Amino acid sequence: MYNYLDELEAKSIYIIREAYNKLDPLGMMWSIGKDSTALLYMVRKAFFGRVPFPVALLDTEQEMPEVYAFRDRLIKEWDLDCINWKCPPEEEMDMTLPPNTRSAMRKTEGLKTLMEEYKFKGMFGGIRRDEQGLRAKERVFSPRSFDGSWDFKDQPPEFWDQYKTEFPEGAHLRVHPILHWTEIDIWRYHQRENIPFCELYLAREDKETGKMMRYRSLGEKNLTFPVESPADSIEAIIEELGVTEVSERSGRSMDTETEDSFEKLRARGYM
Amino acid sequence: MKKQSQKAMQQLRVVIVGHVDHGKSTLIGRLLYDTNSLPAGKYEELQEICKRRGTDALEWSFVLDAFQAERDQAITIDTTQIWFSTEMRDYVIIDAPGHREFLKNMISGAAQADAAILVVDATEGVREQTKRHAYMLSLLGMRQIAVVINKMDMVDHSTERFEEVSKEVDHYLKSIGLNANYIVPISAREGDMIANRSDKMDWYKGKSLTETLDCFELESPPLSRSLRFPVQDVYRYNEERILVGRVETGSIKKGDTILFSPTNESAKVTNIKVWPEDSARVSAGAGECIGITLDERIFVERGHIGSHNENPPMLSNVFRANLFWLSAKPLKQGNSYKVRYGTNEATVTVQSIDRVIDTDDLGQTEKASEVGKNAVAEVTLRSREMLAIDPYTDNQKLGRMVIYDGYDIAGGGSINMDGYADQRENAPKSQNIFMVDHLITDERRALNKGHKGGIFWFTGLSGAGKSTLAMAVEKALFDKGYHTYVLDGDNVRYGLNSDLGFSPEDRAENIRRVGEVTALMADAGLIVISAFISPYRADRDKARAASPDNFNEIYVEADLKTCENRDPKGLYKKARQGSIKQFTGVDSPYEAPENPEMVVNTQDNDVQTCVNQVLRYVEDLVRLETYETSRKEKAIAI
Ligand SMILES: Nc1nc2c(ncn2[C@@H]2O[C@H](COP(=O)(O)OP(=O)(O)OP(=O)(O)O)[C@@H](O)[C@H]2O)c(=O)[nH]1
Ligand SMILES: [Mg+2]
């Protein structure tokens, strides 16, 4: 009866409990997408139905209305302590960055101010290794200096489920409990556990073109685009992922603006 | 991306290791391409990047080497993972860097794998990191290994060269106790013998790389082993105290009596807790993260290990480790470090560095004072508190630990208890024991004898002179009118302890009984001298605990060389020849006392000098100040 989703889940719950034991105060980035919502659900499993720390939405006020509505629904149903954190405006971002990357920098800067305010020692993030080459190189407990930057050329060793949990004053750890999951795993888990998700993931007819479109990945209006897909149910999504060759983040413009644009973003602290 | 086909809900993790530039990342890039696992557009993106960077040939390694620095220098810096599948099942491929500077990243990757592929360049053969990586695989407990001889295109696909390099690799692997399940000739760049066979190497009749992958096996969870439930945390919700953790091995069920170590307390499991609540849930097996509630409020905290009564972990404050060291700051003898295994954390001191192993020529340096970066070694570690320990051979999950230096993990290794005994206290087996008080006080006994009782516990290597000294001191005391008796190792083994051998457990029991007997004899008012090697500090400490006020530890000191030259009973010779096993100082440890009451050096002093030294010490201690005369009178009477 113990199958591979159980194995992935057990590993995540173990990580969540390790972080909770070692890092205080602790917070979680909740983008309201399928990954961080699945993660949030596992947090509830780890703590027998509770979410014993605040979850933060880095709000650029550019999310789609369905996303905000879904947020409000879960806050109520799951009794969440949600910090809706306003990100600084785009004008304040590094002008040398390509335009979409600069836009994405808003979240990075927002996160920085959030960390300053709440002094979190640990911050959960719902990234996965299969999303993108740089994320594939992440550690589960990933140290960040005081400004959030990631020293990816010198990451600490991490093995046998033993993690780095101590660090100099002012630094913090990003904790990635679902690093080892893939996109299809997440959807299968959503399906098995009947976890709610934002309806934008399901295909709808585009009024102008008449084509069926859905979001593979949810982000801000100006940076994320739907892909053509007939998948209008979770079963259809899972089936589609079994055969598609289109990458998940293909609807994300900042990943590929230049060869190193995403690396620049991540080195500076992007999720 | 074509991944995770519906049929195979099974995932095997394979790490690719080998010397720098031998083609690991290239192999993976090619493997993905040849199995149609690259996301759409990735191939075109690669072509584009390579053109921009001015390389004419396509660099497959860029699929994985995502950092700019990695692409610029054409080396892998950090480990990464990528998913792909064959007809049979899904795989997670873990790329590891080959450069020695990044060994910590190689280990971070390799430690997660179920199987390994060792890549060896056909033109270069076995190199320094080929060996080091192989050695690390053995320390990590890897048992499924395939070797690929890469860049066959550069040696004209020569079968002779293939045989030559294969032999070289195989020889090294065998010498460190590993076995290559398969050896496959490939060309990663050309895609030969990876997913597709090759005309250029039609002389090779074995399996292609993907076929060998499918032959590896997925280990099933260790359900049939003894239960280990390390407590990860204790939550209190709604008046309920829940111990959470992951069942590492074995299984646990509602109603089981669980013994917690090192506290030695037990209680019954009243419920297995999961969420959403499930009252049908009455058991959990290896790998599951659960909570349990207990019927009694015993003291339990993070780090304690739950087991069944019949087969608990060992308790010890000393153990050995076979470790690899990753930090630039060397591990030093005498230093203290934080270690973690399971959820337990302890501070240990490096008692000795018994052996440092050169992974290149497998040369060994004995009794070193430090272990440098990327080296492997055998060390003896000691902690202040008693630890619940499983040797790696008994439990692969809890029998390995990581060592922290400062903020980061600096090394890791497997735990070895060879030569050390379980120190779990044997509580009296019977419950119906009531201590009775004597009507005679210690003082009256002493008055009667003319001196106080005491224990003089000689410890030292075989041949150090314990028995000679003990007998001489006994005679001298007796002649002066003292009531005294010697308990000698060999004598006791004829009677009281004739049922015991020389295993660590039997040695411990031998000393425990002698400790109890000396306590009784000293209590009766005698001056007891014991002459036992008693090699373990823990055992001597226990003997001391049996009668703390009377106990004096006397270290009879002579170094191993001196004792071996003396070899009065010819035992060292036999031990060196291997006809006696577990001989102290040869293949079983001797732990010299840290703070003995007295040290007698028999190496530089003659017997009479040593006897006098002990005599003075004993007489000083047992003297009855006020009744000094009465003893003298008695002595004359005798
Ligand atoms: N001719 C030939 N060249 C190859 C082959 N495989 C790899 N190479 C080349 O060898 C060089 C090193 O390959 P990588 O894949 O980067 O080596 P690596 O083992 O991953 O190196 P590190 O990760 O830095 O340890 C590259 O220039 C490859 O193109 C092969 O089969 N034939
Ligand atoms: Mg590489």
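**Note on the ligand 1 and magnesium sites of chain B**

1. A backbone N or O atom of G23(B) sits 2.9 Å from an oxygen atom of ligand 1, a polar contact (a pair of N or O atoms within 3.5 Å). The model is predicted: local features need pLDDT of at least 70, side-chain atom pairs count only at pLDDT 80 or more, and totals for chains, interfaces and linings use all residues. Residues are numbered from 1 along each chain as its sequence is written, chains are lettered from A and ligands numbered from 1 in the order written, and side-chain values use heavy atoms, without hydrogens and water.

2. A backbone N or O atom of A188(B) lies 2.8 Å from an oxygen atom of ligand 1, and a side-chain N or O atom of E59(B) is 3.1 Å from a ligand 1 oxygen. Ligand 1 taken alone exposes 650 Å², of which the protein buries 92% (Shrake-Rupley areas, 1.4 Å probe).

3. The shell around ligand 1 holds 22 residues, each with a heavy atom within 4 Å of the ligand. K24(B), T26(B), T76(B), G98(B) and R189(B) are the closest. By class the shell has five nonpolar, eleven polar (Gly counts here) and six charged residues. Helix 1 (residues 24–34) of chain B gives the most, three residues; helices are DSSP runs (H or I) of at least four residues.

4. S25(B) (OG) and T76(B) (OG1) coordinate the magnesium ion (ligand 2) at 1.9 Å; donors are N, O and S atoms within 2.8 Å of the metal (3.2 Å for Na, K and Ca), and with water left out the site may look incomplete. S25(B) is in helix 1 and T76(B) in the loop between helix 3 (68–73) and strand 2 (80–85), 51 residues apart.

Key. Polar contact = N/O pair within 3.5 Å; in protein donor to acceptor, adjacent residues only side chain to side chain. Helix = DSSP H or I, 4+ residues; strand = E, 2+ residues; numbered from the N terminus.
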